[in-house]
Amino acid sequence: MYLSCVLHSKGKHVHDTSDRIVKKQQGKPSFHLRPPHNWLNDPNGPVYYKGVYHLFYQYNPYGSVFNKTIVWAHSVSRDLVNWIHLNNALVPTAPFDINSCWSGSTTIIPGNKPVVLYTGIDNKNQQVQNLATPRNLSDPFLKEWVKYSGNPLITPPKGVKPDNFRDPTTAWKGRDGIWRVVVGGLINNLGVAFLYRSKDFVHWILHDDPLYFGINTGIWECPDFYPVSVNSRLGVENSANGKNLKYVLKASFEAHDYYAIGSYDSAKEKFMPDNKGLSGSSLDLRYDYGKFYASKSFYDSLKKRRILWGWINESDSSVDDIKKGWAGIQSIPRQVYLSNTGRQLIQWPVKEIEKLRAKHVTYSGKKLKPKSIFEVTGITTSQFDIELSFKLPSIEEAEVFDPKWDDPQVLCSTKTARVSSRAGPFGLLVMASQDLTEQTAVFFHVFKDNQQFVVLMCSDQSRSSLRQGIDKTTYGAFIRMDNEDEVISLKSLVDHSVIESFGAEGRACITARVYPRFLEKKDTHVYVFNNGSGGIAIETLDAWSMKKTKNN
Ligand code: DQQ
């Protein structure tokens, strides 16, 4: 089948079906973490304790939209795959959090004791930082939490508006035995990582200068600050210090999670980014170039790795969410480590998720002619894991990269899956209807810049649904390839309305949400396409149906 006929609409007049009956299960993921009902947002305080992984998260116990009252929900797992949903861990009860328990983090203090710092919205609607500890440390499920009677520990500093001060990080202890913690906020139009220090974890003193700040970024939410090893994929505990470490500072603002890699001078309490800091520019580093916000990482002491979770919000309307009775998903937990170049982080779904793989199909050495497509069959097409690698063309074949292209998201809206060049676009069409009037394209365009490949990775949702009233923004990222790279790989985890894609072994991640109309008919297709003017070779392709997780 030729691509021109499938990537273009067949010209049929299609009625918008926004007014159709939204079903409760519509688009509901089968292997992403979320409880059966209601709204969720930020992951909070992930921790590994006595054989159990814990994830807390922002949750509305009363409905499926964000609410005046938000609590800490609590799910536990032995394998990061199957989850049990426990009672809410923190709910508003006291003057210091009576209007909500907002985001925060867990720190393991000496003696293997987990403690939580979280933001309370107090009885004056101020954002204050509170402490909570487990009632029973011999309970690996940490079911009950006790709020410290001396809360709040920290109130908004002078000059900071009471609603611009929140989301404490995991604390870290310096060589001097002093604890440090960062709180996000806004002051004088600067997004700020406020730094506090404490000898006892209870009395916290504001350091004169922030750890770091950004200009014109808006408020910094959910900061995260942690060391990474320069020569290993193993994770590093937050209080580690020594040689061969770099530091990551992440801040959530303007709907994205931006990060910088740099060094940390603990004497001066300064973070110094290697490159540009966190400015919100389209060229800043981001964990994910799609939907992924308010993320939080933790050190997994069992497997000695750092794991990252992000909140993936919905792309349908709140009216739909009310009908569905649920909204929001936690990402698949990702292992995160520094790339060989030291210039960026690499993210990859935790290995454990592979145990959900069921029926497997594989192809190798398959060639895709210019403007051609082939269907991947034999797997559950709405719930699968796919990994494929494409042979990179010779450098002469690639189009020249224009240095004026500084925003990959904008570029993906013009260099779409239908715009043919010499090397690309090629990639996947997922959550596609049989007639291809609905499809989400995840694909690459290959360029050359001074004899080096620069790949544009796109996730194009513009044709994901015939329905109106859905967010169909197209996302994009640039990937600078190394000279020795011969292939470019793509992995996508497709789980009904969620598509988490990883380009070039996790150098760029794009997460998308899609609500096609055909979901109601359950007739979903997956294709690999090449719409370039040159042929492309698929080195390997492996795809697996994914099983549903327990308690999801
Ligand atoms: N969500 C929480 C805040 C945080 C925001 C409230 C980020 O603590 O700043 O649910 O999504």
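**Close-up 1. Arg 517 in the loop between β36 (508-513) and β37 (525-530)**. In this predicted model, Arg 517 is partly exposed, with a relative accessible area of 23%. The view also takes in Ser 465, which lies 52 residues from Arg 517 along the chain, while the C-alpha atoms of these two residues are separated by 5.9 Å.

**Close-up 2. The disulfide between Cys 412 and Cys 458**. The structure holds 1 disulfide, and in it the sulfur atoms of Cys 412 and Cys 458 stand 2.1 Å from each other. Because Cys 412 belongs to helix α3 (residues 408-414) and Cys 458 to strand β32 (residues 452-460), the pair ties together parts that are 46 residues apart in sequence. The torsion about the S-S bond of Cys 412 and Cys 458 is about -80 degrees, and the disulfide is therefore left-handed. Both partners, Cys 412 and Cys 458, are buried.

**Close-up 3. Cys 101, a cysteine in no disulfide**. For Cys 101 the nearest cysteine sulfur is that of Cys 222, at 15 Å, whereas a disulfide would require the two sulfur atoms to be within 2.5 Å. Cys 101 is buried, and its relative accessible area is 0%.

**Close-up 4. Cys 509, a cysteine in no disulfide**. With a relative accessible area of 1%, Cys 509 is buried.

Methods. Residues numbered from 1 in each chain as written. Predicted model: local features only at pLDDT ≥ 70, side-chain atom pairs only at ≥ 80, totals over all residues. Heavy atoms only, no water. Helix = DSSP H or I, 4+ residues; strand = E, 2+ residues; numbered from the N terminus. Buried < 20%, exposed > 50% of the residue type's maximum accessible area, 1.4 Å probe, protein only.
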